[in-house]
Amino acid sequence: MKFLFITLFPEQIEQAAGHSIIKRAVEAGLVEVSCINPRDFATDRHRTVDDTPFGGGAGMVLKPEPMVAAIRAAKAKLPAARVIAMCPGGRTLRQSIVEEYAHSKQDLILVCGHYEGFDERIFGWVDEKLSIGDYVLTGGELPALIVMDAVARFIPGVLGKMASAVEDSFSTGLLEYPQYTRPVTFEGLEVPEVLRNGNHALIDRWRRKEALKATWLRRPDLLGELNKTDAKLLAEIKQELEGAENG
């Protein structure tokens, strides 16, 4: 899968893609990362890509000429790619969107904003706007890298086991259950016995219950309509929590 970043700071993308799992994916040919700098399409000697906003106001706005030229150059390289502008006004990234991008197998062109944002006319050359949350950053590079990292995990071969992506938080609709490794005891804290007894049915039940508990306590908004098994487990959780409060 190919990720092409339209960015004023390609070195930030290149550095981030030069480490850990993404680096290995690039080396294995599973992921391709490239950049186009809008400054290369500026027509003045200062390579200007921004200007003051009409109507007044603080900050600068990205000009349409170099940005649209960069998008056109990106589309010439990846004509079937989806063009995504990273900006606070877009739909908010969720796991379902990540999986939508991954399963489509469509290459992504990620347009990184800066300053006070894009000239509105630039959006005529993108397929959608995307935000990573209800806050503002200094640029779109970090959000764009988050998109690549999240999507790349679903590309076969990027992770050691595809189950790692499928079983993680949000992929199941719940927060993840607690994880443990050796040693069994650390500073008085012990790995739950159920995880050490080899009974996989009990282990699966414990993990599901703990995932429901974590979600109920920290992200109840994620809990939709539960099946009978999950509803029973959640009733047990509530009873146990009430007992702990009253105990």
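With a relative accessibility of 37%, Arg 205 counts as partly exposed. This value, like the others reported here, was computed from a predicted model. Arg 205 takes part in a salt bridge with Glu 236, in which the side chains meet at 2.7 Å from N to O. Because Glu 236 belongs to helix H8 (residues 228–246) and Arg 205 to helix H7 (residues 200–218), the pair ties together parts that are 31 residues apart in sequence. In general, side chains of opposite charge can pair when their charged atoms come close.

The search of the whole structure found 15 salt bridges. One of them joins the side chains of Asp 40 and Arg 47, at an N to O distance of 2.6 Å. The two partners fall into separate accessibility classes: Asp 40 counts as exposed at 53% relative accessibility, whereas Arg 47 counts as partly exposed at 37%. The cut-off for exposed is over 50% relative accessible area, so the value of 53% places Asp 40 in that class.

A further salt bridge is formed by Arg 91 and Glu 100, whose closest N and O atoms are 3.3 Å apart. Both residues are classed as partly exposed, Arg 91 at 35% relative accessibility and Glu 100 at 33%. Arg 91 and Glu 100 also belong to a network of salt bridges that links them with Arg 82 and Glu 128.

Glu 128 is located in strand E7 and is buried, with a relative accessible area of 13%. The limit for buried is under 20%, and Glu 128 therefore falls into that class. A polar contact of 2.9 Å connects the side chain of Glu 128 with the side chain of Arg 82. When neighbours within four places in sequence are left aside, the residues in contact with Glu 128 are Arg 82, Val 83, Ile 84, Ala 85, Arg 91 and Tyr 101.

Empty space in the model was considered next. In general, rolling a probe the size of a water molecule over the atoms shows where empty space is left. The largest pocket has a volume of about 440 Å³. It is lined by 24 residues, of which Met 86, Cys 87, Pro 88, Val 136 and Leu 137 are the closest to its centre. Strand E5 (82–92) and strand E7 (128–131) each contribute at least two residues to the lining. The largest share, 4 residues, is supplied by E5. Sorted by class, the lining of this pocket consists of 12 nonpolar, 9 polar and 3 charged residues.

Most residues other than glycine have a negative phi, and most peptide bonds are trans. The peptide bond from Arg 182 to Pro 183, however, is cis, with omega near 5°. Pro 183 is situated in the loop between helix H6 (162–167) and strand E8 (185–186).

Positive phi values in residues other than glycine include those of Ser 20, with phi near 55°, and Lys 105, with phi near 60°. Ser 20 lies in helix H2 (residues 20–27), while Lys 105 is placed in the loop between helix H4 (95–104) and strand E6 (108–112).

Definitions and conventions
Residues are numbered from 1 along each chain as its sequence is written. This is a predicted model: local features need pLDDT of at least 70, side-chain atom pairs count only at pLDDT 80 or more; totals for chains, interfaces and linings use all residues. Side-chain values use heavy atoms; hydrogens and water are left out. A salt bridge is a side-chain nitrogen of Lys or Arg within 4 Å of a carboxyl oxygen of Asp or Glu. Buried means under 20% relative accessible area, exposed over 50%, partly exposed in between (1.4 Å probe, protein chains only). On a 1 Å grid over the protein atoms alone, a cavity is a set of points where a 1.4 Å probe fits but cannot get out, and a pocket is an open set with protein on both sides within 12 Å along at least five of seven lines; lining residues have an atom within 4 Å of a point. Grid points are joined across faces, edges and corners, and a volume is the space filled by probe spheres set on the points. Ala, Val, Leu, Ile, Met, Phe, Trp, Tyr, Cys and Pro count as nonpolar, Asp, Glu, Lys and Arg as charged, and the others, Gly among them, as polar. A polar contact is a pair of N or O atoms within 3.5 Å; within protein, one must be able to donate a hydrogen and the other to accept it, and residues adjacent in sequence count only if both atoms are side-chain atoms. Contact means heavy atoms within 4.5 Å.
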